Structure formats: C-alpha cells, structure tokens
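Hi there,

Here is the structure I promised to hand over. Have a look at it first, and then read on for what turned up.

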Amino acid sequence: MSVTSEPFGSTAAGHPVERYTLRAGSVEARVITYGATLVALRAPDRSGTMADVVLGFDSLAPYLRHHPYLGSLVGRFANRIAGGRFSLDGASYQLPVNNGPNHLHGGPGGFHAVLWQAEAGDDAVRLRYHSPDGEQGYPGALDVSVTYTLGADGALRLDYEARCDRATILNLTNHAYFNLAGSGNILGHKLQISADHFLPVDATLIPTGELRPVEGTPLDFRAPTPIGARINADEEQLRQAGGYDHCYVLNHGGDLGVIVARAVDPLSGRVLEVRTTQPGVQFYSGNFLDGSLRGRGGQPYARHCAFCLETQHFPDSPNQPAFPSTVLRPGEIYRHSTIYRLTAESPS
Ligand code: BGC
C-alpha cells in the first residue's frame with residue numbers, strides 16, 4: 001500500500017494543484033486536489049492486463065474548463081433542483097440555473113470547481129474544503145471532507161463528512177464515469193441494480209415524485225442485463241433522457257454491507273461492485289457525451305462510452321417532502337460512504 005503525490009499544474013489564479021496516487025495490490029487510484037476529482041482508476045482484467053476504467057484527462061487544463069463532471073466530487077447538491085429554488089425554515093433560496101430551467105450539480109462554481117486541501121495517510125488521501133455562507137446561493141458555511149481509501153481487495157472507499165453553521169441542504173456524490181473495458185462503449189456491460197423502484201422524471205429530468213416499480217419496464221436491472229439490451233426501447237422515460245438517466249431507489253439503501261449495484265464487462269472480465277450508505281443511485285448511461293470531448297490519450301468520448309453510478313439522495317429532495325430529507329443542521333454531522341470495488345472474473 002502506498003500514497004505518493006506530485007504537482008499537477010496550477011489554477012488560473014496560480015494556485016498549485018497536486019495529484020495523489022494510491023496503490024494497493026494491483027489497483028491504482030489517482031485523485032487531484034482540484035475538484036477532489038478521481039482522475040484515474042487502473043485495474044487488471046482476468047489475465048492481468050491493466051486498463052484505466054474511468055474517463056479522465058491527461059492534464060489539468062481540461063478539468064479547469066467546463067466538462068461533464070468526469071470523476072468530480074459533486075456538491076453542494078448533486079443532481080437537479082427544480083428551477084434552482086427551494087425553501088428552508090421559511091426562507092426561499094434561488095440557486096444558479098445551469099441545466100435548462102434547473103440547478104445541476106451544485107452550480108457552475110460547485111465543489112467540482114474548487115481547490116481542496118489534501119492530507120495523505122498510509123492508504124488514503126483526505127481532502128477538505130470550507131464553503132462560505134452563500135456560496136453558489138446555498139445557506140450556511142459548510143466544512144466538508146472526502147477521504148479516498150484504497151484497500152488491498154481492490155475497494156476504493158469514499159467517506160464524506162460535513163458540518164454546517166446554519167441549516168442547509170446537502171447531497172454529495174462522486175461523478176466517475178466507468179468503462180470496465182477501458183475503451184469502446186459500455187452497451188455490452190452487464191449491469192445489476194438491487195432496486196424494485198426508480199424515480200420517473202419529467203421532460204427536464206426532475207422527478208415527478210412517484211416511486212415507480214421497475215417490473216415490466218426496460219429500467220428493470222434486478223437481474224444482470226446488458227446496458228444496451230433495451231436502451232433504445234420505445235419507452236417515454238428512456239426517450240426523454242436519451243437513455244438511462246434515472247435515480248434508483250435502493251432496496252437496501254443505507255446498508256454499506258450490501259452490494260447494491262454490480263457491473264461486469266464480459267470481454268475483459270472486470271467487475272465493479274458498488275456499496276453505499278445512500279438511499280439512491282443515479283444510473284446515467286453517458287447519453288449526452290457526443291464525441292466532441294477528447295479525453296485521455298486524445299480519445300473522443302462518444303455517446304454511451306461510459307456509465308455513472310452516482311450514489312446519492314434523491315434529486316430535487318428539497319422540493320419533494322415525501323423523499324428522505326437532505327437538510328443538515330448545526331450540531332449534526334453529515335456522514336456517507338460509498339465503496340467501488342474492482343475485481344476480475346473468469347468466463348462463465
Ligand atoms: C446527470 C445527467 C448529466 C450528467 C453530466 C448526470 O448526473 O444525471 O443528466 O448530463 O450528470 O452533467
């Protein structure tokens with residue numbers, strides 16, 4: 001197990017950015033202090049050949065420009081808030097509207113676009129950020145940290161912690177885009193999500209409030225199914241999102257001991273297992289990637305070249321009283337954990 005660091009360029013304001021490399025067994029994870037971003041995750045296939053299984057860039061410059069949150073730490077509120085508006089304790093707040101009519105992923109100056117302070121441990125790196133009162137329109141000052149720990153068993157664990165000085169809302173996630181083959185598209189990856197329900201969305205991708213059974217729909221991933229098998233089905237939910245872009249209500253939400261999602265690339269044998277304390281996971285099939293973004297090694301990132309399993313509270317929770325609360329109050333400690341474990345399996 002080892003943790004090393006090196007310079008990774010500097011921000012427009014001249015602040016140095018560091019890249020931390022965590023190594024354990026045959027897995028390697030790289031995190032930069034800009035956006036607490038996971039920039040690389042290398043793992044062996046069934047014959048020991050290494051590949052990077054997350055989308056990323058080779059240098060800092062593209063991370064500093066607007067990009068679709070490749071590996072970003074997303075906050076204060078991951079996913080969408082309708083109209084960017086919410087009320088809390090009788091006061092109304094307007095957040096920046098940066099995705100059609102809605103607020104997305106904490107706003108343009110969210111946690112993906114700030115510099116975090118890093119502290120390395122033996123097998124981990126902890127990143128901290130102080131978000132001032134009113135930042136991106138959110139009430140209260142917030143002290144937040146995320147610790148990335150790499151285990152010898154191929155598990156990359158993310159532990160989130162936050163405290164506020166005034167009531168606020170919070171929904172943190174990591175926005176890694178996975179491709180277990182390391183290139184090509186993910187339509188042949190088999191995915192399983194332990195969720196009997198998903199949250200249907202309107203045309204602007206805001207949940208309608210309904211918890212809809214997956215049974216009998218192309219959104220049913222209770223049994224392992226290739227992502228591409230039904231992605232073009234003539235179904236309203238898939239049509240309006242251009243594929244999968246839905247929050248699944250986890251059957252075992254909150255239990256870090258349970259594998260809530262599992263993806264397998266049958267060709268390489270690489271397997272990703274997801275566990276989390278969160279109640280939901282946003283399954284996004286890279287629908288809005290269109291090949292115009294060039295990533296690692298100059299690769300064009302095309303539609304469906306990667307998928308995200310963003311563990312989180314439900315989108316638009318501040319406006320949906322029936323959803324679990326995302327309010328954090330002074331004196332409370334926000335704590336969540338997610339584990340992404342990479343292994344390889346032999347052909348069945
Ligand atoms: C959202 C997508 C969005 C993507 C990149 C995902 O979390 O669900 O709709 O396009 O992030 O911003």
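Around the ligand sit Tyr-69, Arg-80, Leu-104, His-105, His-175, Tyr-177, Asp-245, Gln-282, Tyr-284, Phe-288 and Glu-310, each with a heavy atom within 4 Å of it. This is a predicted model, where local features need pLDDT of at least 70 and side-chain atom pairs count only at pLDDT 80 or more, while totals for chains, interfaces and linings use all residues. Residues are numbered from 1 along each chain as its sequence is written, and side-chain values use heavy atoms, leaving out hydrogens and water.

Some of these neighbours make polar contacts (a pair of N or O atoms within 3.5 Å). His-105 has a side-chain N or O atom 3.0 Å from a ligand oxygen. For His-175, a polar side-chain atom is 2.8 Å from an oxygen of the ligand, and for Glu-310 that distance is 2.8 Å.

Next, the core. The largest nonpolar core has 62 residues, and Tyr-148, Ile-193 and Tyr-248 have the most contacts inside it. Such a core is a set of buried Ala, Val, Leu, Ile, Met, Phe, Trp, Tyr and Cys residues joined through side-chain atoms within 4.5 Å; buried means under 20% relative accessible area, with a 1.4 Å probe and protein chains only. A second, separate core of 18 residues includes Val-39, Ala-40, Leu-60 and Cys-308.

What is Ile-193 in contact with, leaving aside its neighbours within four places in sequence? Its partners include Phe-221, Tyr-248 and Leu-309, with heavy atoms within 4.5 Å.

Happy exploring!

Terms used: Buried < 20%, exposed > 50% of the residue type's maximum accessible area, 1.4 Å probe, protein only. Polar contact = N/O pair within 3.5 Å; in protein donor to acceptor, adjacent residues only side chain to side chain.
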